[in-house]
Amino acid sequence: MKCTAFRFLSRRYLNPNTLAVRWKHDKVSPSKPDLHSGPGLQDFISASASSNGINVHQVQHPRDIPPYLSRESLLGQRRKVFFEVYGCQMNTNDTEIVWSILKGHEYQRTGSIKDADVVLLMTCAIRDGAESTVWNRLKHVRLMKERRESEGRALQVGVLGCMAERLKRQLVEKEGSVDVVAGPDSYKDLPRLLAVGQKGQKAINVLLSLDETYADVMPVKLDRKSRTAYVSIMRGCDNMCSYCIVPFTRGKERSRPVASIREEALHLEAKGIKEITLLGQNVNSYRDLSTESDGKKQASVLAPGFKTVYKTKVGGLRFAELLTELAETVPEMRIRFTSPHPKDFPREVLETIARYPNICKNLHLPAQSGSSTVLERMRRGYTRQAYLNLVDEVRTIVPNVTLSSDFICGFCGETDAEFAETLSLIEQVGYHTAFLFAYSMREKTTAHRRFTDDVPNPVKQQRLREMIKVFRAGAERLNAQFVGREELILVEGTSKRSPNDLAGRNDGNVKVIIPGGDVPVGGEDADERKTIVSGDYVAVRIVESNSQILKAVPLYLSSIREFADRNGAKKLAESLSLPSYSSSCFPSSTNLLQTGPPRPRREPVPVVRERSRSRSRSLSPVERRLRQLDEERQRKEAQLRKAAESQRKYDHRRSSSSSGSSSSDGSDNEGPVAPPAPPVISKVGFSFQKPPSAKPTSAGFQLQQQQKPSAVQLKLASGPKKEKPKLLKPTANAFADDSDDEPEEMPAECRMRMRNIGRETPTSSGPNSFGKTKHGFCDSKKMLEKKLNSLHDS
């Protein structure tokens with residue numbers, strides 16, 4: 001029986017046309033039968049749809065052109081398309097990809113839905129509220145479609161994006177006005193789907209891909225006036241957080257090649273774009289497998305204290321190398337990225353961000369919750385303490401960084417105590433921007449299978465209001481720190497509230513409002529002036545702030561490099577305690593940004609670039625500026641030694657004057673010698689004030705100051721004896737100016753340096769020796785007090 005069945009199956013399936021042959025060690029072995037010639041998934045879906053009374057045509061692959069469609073029917077024939085976009089920045093970029101594809105098939109775009117022949121809705125499925133908005137919009141479109149059909153004009157309606165991928169046939173069954181349903185990986189099929197939809201059929205393609213990145217499609221911007229653009233570098237997500245639907249609507253992670261990203265960035269720069277935002281569902285887990293190094297493959301490195309639900313990925317060019325490539329390719333274009341995962345912020349990425357001035361110092365660190373127990377149920381892969389440690393490292397390596405985050409309240413089983421931890425995290429970290437939501441359960445997620453959505457909706461809304469209140473208080477406090485600072489903003493256009501004002505964003509992605517007009521070009525003292533327009537980089541001074549925006553006055557037009565040389569390098573040097581670094585730290589970015597003792601790090605993956613073979617990497621503007629500041633520090637130390645020498649000479653002359661006053665009647669005395677100006681300590685170096693004037697009187701001299709005279713001064717000023725001018729005891733404000741402000745206290749580090757300088761001065765036993773006291777310069781005040789007291793007693 002078995003032999004008969006085998007012979008039957010052999011004649012039925014194992015025919016010569018379906019055998020695959022594989023050569024190995026000069027031997028031929030038969031392989032499995034070619035199953036591609038049999039029925040596929042498309043046939044089963046079509047049969048199931050037909051059994052339900054739905055006429056569905058699905059196109060599985062762009063090469064599968066139906067025999068009843070001609071190539072001419074795939075063209076739009078100048079039909080007008082209207083786009084409506086819902087959701088995140090990725091949906092905006094996907095819409096630009098769709099428009100690029102349709103534009104190549106002779107479609108036209110319109111800004112009015114009344115003139116459209118095709119209406120395409122780019123949808124979001126991350127929360128229930130986003131889907132409800134689309135359902136309500138489809139009701140209005142259905143009424144419009146029925147009215148158009150009664151007038152004899154056809155209207156096609158298509159639903160694209162994550163909602164199309166999640167609901168699939170439900171869109172066609174529940175809403176009869178929908179003609180085309182296309183998932184995120186089937187946009188190249190749209191010309192075919194629209195052609196099929198014209199024949200009265202429903203066209204659906206929601207198959208996910210393992211390699212589709214649209215790297216061969218150059219997006220066409222929807223807003224031509226904008227000077228910012230989105231660049232998609234990867235698609236999909238592998239994190240599988242228990243609350244998130246993205247892995248089920250966007251598929252597995254896959255990344256674009258670096259070459260195609262670089263080409264798109266150069267194309268946008270030629271079009272006048274001044275800022276790009278790198279996009280991806282988990283953008284900093286970028287891994288270009290098309291670029292492999294000749295050496296050993298490196299494993300992915302996570303931030304300390306973070307873990308994943310999947311195995312460690314090995315090989316490929318990582319996110320830090322991509323940032324380096326783009327920063328050097330387009331140095332006068334700002335680079336942002338979203339949305340990252342905190343686990344993919346190793347030290348190498350943070351050092352790259354801090355090294356280049358055109359990579360914005362604004363990081364999105366989605367925390368989702370401040371409770372470790374809730375984070376565990378969410379499958380985030382970290383604890384509260386690990387997140388706080390990452391925040392500390394970020395603020396140490398990237399000075400003046402601004403942070404943003406995502407938070408969810410009312411997750412399954414969240415208690416009041418766990419929610420209180422979320423509020424404390426928001427208050428402790430401090431965010432300039434936050435995206436706050438009440439939890440909405442999604443089908444197919446791990447939370448839908450394992451947990452119960454047991455937090456009542458009124459409680460969720462109350463917690464959401466509390467989160468917003470705490471966040472705004474912290475944002476207002478953080479934005480107030482910008483007041484008085486000089487910032488570089490990119491002007492994006494006219495302010496929504498006033499046509500006379502302009503709106504832009506600073507490096508930290510905070511909105512800044514400035515008045516319009518003309519400003520100098522290249523500096524505040526420049527003669528050339530120019531009117532500020534959209535796309536200009538303007539240096540401004542912040543004068544007012546609130547929890548959402550900043551207000552500023554424009555100073556001058558600049559570029560990223562010029563502003564970094566003037567201000568960015570100085571801020572970086574102050575934040576990194578520049579005196580602890582030497583010029584030998586250049587151009588190594590590891591030594592430049594490392595605090596404390598050297599820490600071991602793995603060797604980076606060698607990146608092969610065509611232009612790096614002909615020339616070595618030059619110093620960046622920030623590194624050149626830091627080298628200049630290091631030299632300036634050495635000059636300031638020399639000035640400090642000079643100031644100490646001046647003090648020594650002053651002590652010498654004062655000592656001589658005191659010793660000679662006992663034998664003189666005071667008639668030829670020219671008055672006391674004014675002390676030298678003390679150094680004013682700053683963070684970078686030292687500056688010197690003009691010495692205060694001293695006026696001799698009959699009983700002595702008094703330094704000009706606004707304070708009550710001491711008892712010694714009153715006695716000397718009113719005494720009957722006319723003696724030579726005597727030195728009075730200087731007070732704490734003796735070296736200050738005429739203002740009421742207290743002088744800045746000398747830091748301990750600078751006092752120690754002055755003491756060291758005093759010790760280095762050679763001592764002698766002479767009467768005018770500077771080395772009489774133990775510490776020289778610092779003890780000169782004690783000597784003066786001792787002499788004044790002896791004069792007072794006498």
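This is a predicted model: local features need pLDDT of at least 70, side-chain atom pairs count only at pLDDT 80 or more; totals for chains, interfaces and linings use all residues.
**Helix α14 and its surroundings**

In helix α14, the buried residues are E418, F419, T422, L423, L425, I426 and V429. Viewed along the helix axis, these buried residues of α14 lie within an arc of 155°, so they line one face of the helix. An α-helix has 3.6 residues a turn, so residues three or four places apart point the same way. The face of α14 that is turned away from the buried side carries the exposed residues D416, A417 and E427. The cover over the buried residues of α14 includes the helices α12 (372-378), α13 (384-397) and α16, together with strand β18.

Strand β18, part of the cover over the buried residues of α14, belongs to an open sheet of three strands, which has the order β17-β18-β19 and parallel pairing. The edges of this sheet are formed by β17 (362-364) and β19 (433-438), each of which has a single partner strand, so one side of each is left without a neighbour in the sheet. Neighbouring strands of the sheet are turned against each other by 10° on average, with direction ignored. Strands β17 and β18 (residues 402-409) run parallel and are joined by three bridges, and H364 stands opposite S404 in β18. Helix α16 (residues 457-480) packs on this sheet, where it touches both β18 and β19, and the direction of α16 makes about 170° with that of β19.

A further helix, α7 (residues 190-197), has eight of its eight residues buried, so it is largely enclosed by the rest of the structure. The buried residues of α7 are L190, P191, R192, L193, L194, A195, V196 and G197, whereas the exposed residues of α14 on the face turned away from its buried side are D416, A417 and E427.

For the protein as a whole, 22 helices and 30 strands are present, and buried residues account for 47% of the 794 residues. Among contacts between residues at least 6 apart in sequence, 73% join residues that are at least 24 apart. The protein exposes about 41,500 Å², of which carbon and sulfur atoms supply 51%.

Key: Residues are numbered from 1 along each chain as its sequence is written. Side-chain values use heavy atoms; hydrogens and water are left out. Helices (H or I, at least four residues) and strands (E, at least two) are DSSP runs, numbered from the N terminus. Buried means under 20% relative accessible area, exposed over 50%, partly exposed in between (1.4 Å probe, protein chains only). Contact means heavy atoms within 4.5 Å. Accessible areas come from the Shrake-Rupley method with a 1.4 Å probe; for residues, only the protein chains shown count as cover. Two strands pair if DSSP finds at least two bridges between them. Axes are lines fitted to C-alpha atoms, for helices over the stretch in contact, and angles run from 0 to 180 degrees between N-to-C directions. The arc is that of the directions from the helix axis to the C-beta atoms.
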